[in-house]
Amino acid sequence: GIEDAWKPIRANPQLAMRCEKPLEMKRLDVTDTADRDLFGAFLTRYLLEFETRKISPNATRLLNIPGIPDMIQDVCGGVLGRACNLLKEALFLAVLDGRDEIDPGDLAVATERKFISMGLVHLNPFAVGLAQVSPARRAA
């Protein structure tokens, strides 16, 4: 992603001089306990911001629904930006439906629209459950 995104910027020296060097973050390993904990903490803080800014009350409720945090990690493959995009799309769908709370159905449709349609994932865990729960996830 980042390398391809930088190509048009590097082609324009004036634009390149105005840009910050990208912050490259490695993909979190969803089989690693520490990375799963980091991903979970990020999701909690991100959804708390939805509540604090009065965007979506009780947004953190999603994290208390069995399986939802693992499914978000499954779809996003440990990429924090993808998690943000998934949650923003799900919120958009909820608002279109006249609601201010995201539900698992919104996550299912958001996964179809933003991840399956782009070939980023091939299975929608919100529609069919997690493809396979790794022993590391079961232990958590």
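Mentor: What follows is a series of questions on how the labels are assigned.

Mentor: This is a predicted model, in which local features need pLDDT of at least 70, side-chain atom pairs count only at pLDDT 80 or more, and totals for chains, interfaces and linings use all residues. Residues are numbered from 1 along each chain as its sequence is written, and side-chain values use heavy atoms, with hydrogens and water left out.

Trainee: How many helices and strands does the protein chain have?

Mentor: The protein chain has 8 helices and 0 strands. The elements are DSSP runs numbered from the N terminus, with helices being H or I of at least four residues and strands being E of at least two.

Trainee: What share of the protein chain is buried?

Mentor: Buried residues make up 32% of its 140 residues.

Trainee: How do you know how many disulfides there are?

Mentor: A disulfide is a pair of cysteine sulfur atoms within 2.5 Å, and by this rule the count is 0. C84 is in no disulfide, as the nearest cysteine sulfur, that of C76, is 8.6 Å away. C84 has a relative accessible area of 14%, so this residue is buried. C19, at 29%, is therefore partly exposed.

Trainee: What makes the crossing of α4 and α5 left-handed or right-handed?

Mentor: A crossing is left-handed if the near helix is turned anticlockwise from the far one by less than a right angle, and right-handed if clockwise. The crossing of α4 and α5 is right-handed. These two helices pack at an angle of about 115 degrees, with their axes 9 Å apart. I72, V75 and C76 of α4 make the contact with R82, A83, L86 and L87 of α5. The axes are lines fitted to C-alpha atoms, for helices over the stretch in contact, and angles run from 0 to 180 degrees between N-to-C directions.

Trainee: Where does α6 bend, and how is the bend defined?

Mentor: Helix α6, residues 104–116, bends by about 25 degrees at A110. The bend at a residue is the angle between axes fitted to the seven residues ending there and the seven starting there. A110 is also one of the buried residues of α6, together with D106, L107, A108, T111 and F115. The buried residues of α6 pack against α4 (68–76), α5 (80–96) and α7 (125–128).

Trainee: Why do K54 and N58 receive their accessibility labels?

Mentor: K54 has a relative accessible area of 73%, so this residue is exposed. N58 stands at 46%, and is therefore partly exposed.

Conventions. Buried means under 20% relative accessible area, exposed over 50%, partly exposed in between (1.4 Å probe, protein chains only). Contact means heavy atoms within 4.5 Å.
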